[in-house]
Amino acid sequence: MLFSGTVQIDAPRDKTWAFLIDPDKVSSCGPGVESVEIIDAANFKVRAKVGVGFISAKFVVNMTFAELTAPDKAVIKASGQAPGSAVDAVGSMLLSGPPEGPTTMDWSAEVDISGSLAGVGARLMEGTANKIVGQTFDCIKAKLEG
């Protein structure tokens with residue numbers, strides 16, 4: 001599945017960048033995130049509970065910054081497992097706009113889910129993903145614009 005969008009954040013680009021590449025800060029806006037373990041500057045592990053329809057699973061996801069070009073571009077790779085399901089994803093964000101803001105974030109994510117969660121159907125999966133993305137960006141905007 002491919003997801004993408006554009007978000008306008010009324011904050012300076014450096015402040016937006018610093019927030020978005022800090023696993024502790026950005027995970028505070030992730031619905032279902034239970035914990036973050038920072039391994040080193042490029043790698044971290046996230047534990048999260050994800051529910052799609054009547055199925056929910058606790059994932060342990062290993063995440064790696066594959067590319068960081070401050071304060072413009074980041075690419076992150078994720079690979080995780082839950083009982084009966086697995087996820088692999090690549091996400092990217094491109095920040096633009098004047099240094100003092102507002103910052104425009106163009107983002108995309110290619111997500112491959114297998115196992116019991118994949119069996120609930122693409123339409124239900126897309127609806128849930130869009131809801132999670134919306135909640136995440138609403139939180140990020142609130143923390144950066146406040």
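Mentor: A disulfide is here a pair of cysteine sulfur atoms within 2.5 Å. In general, such a link is a covalent bond between the sulfur atoms of two cysteines. The model is predicted, so local features need pLDDT of at least 70 and side-chain atom pairs count only at pLDDT 80 or more, while totals for chains, interfaces and linings use all residues. Residues are numbered from 1 along each chain as its sequence is written, and side-chain values use heavy atoms, with hydrogens and water left out.

Trainee: Which cysteines does the disulfide join?

Mentor: Cys29 and Cys139 are joined, with S to S 2.2 Å. The link is left-handed, with -65° about the S-S bond. Cys29 lies in the loop between α2 (23-27) and β2 (33-38), and Cys139 in helix α3, 110 residues apart; helices (H or I, at least four residues) and strands (E, at least two) are DSSP runs, numbered from the N terminus.

Trainee: How is a cavity read, and what lines the largest cavity?

Mentor: Rolling a probe the size of a water molecule over the atoms shows where empty space is left. A cavity is a set of points, on a 1 Å grid over the protein atoms alone, where a 1.4 Å probe fits but cannot get out; lining residues have an atom within 4 Å of a point. In this structure, 46 residues line the largest cavity, and Met63, Ala109, Ile132, Val133 and Thr136 lie nearest its centre. The largest share of that lining, eight residues, comes from α3.

Trainee: How much space lies in the largest cavity?

Mentor: About 1,400 Å³, where a volume is the space filled by probe spheres set on the points, joined across faces, edges and corners.

Technical notes: On a 1 Å grid over the protein atoms alone, a cavity is a set of points where a 1.4 Å probe fits but cannot get out, and a pocket is an open set with protein on both sides within 12 Å along at least five of seven lines; lining residues have an atom within 4 Å of a point.
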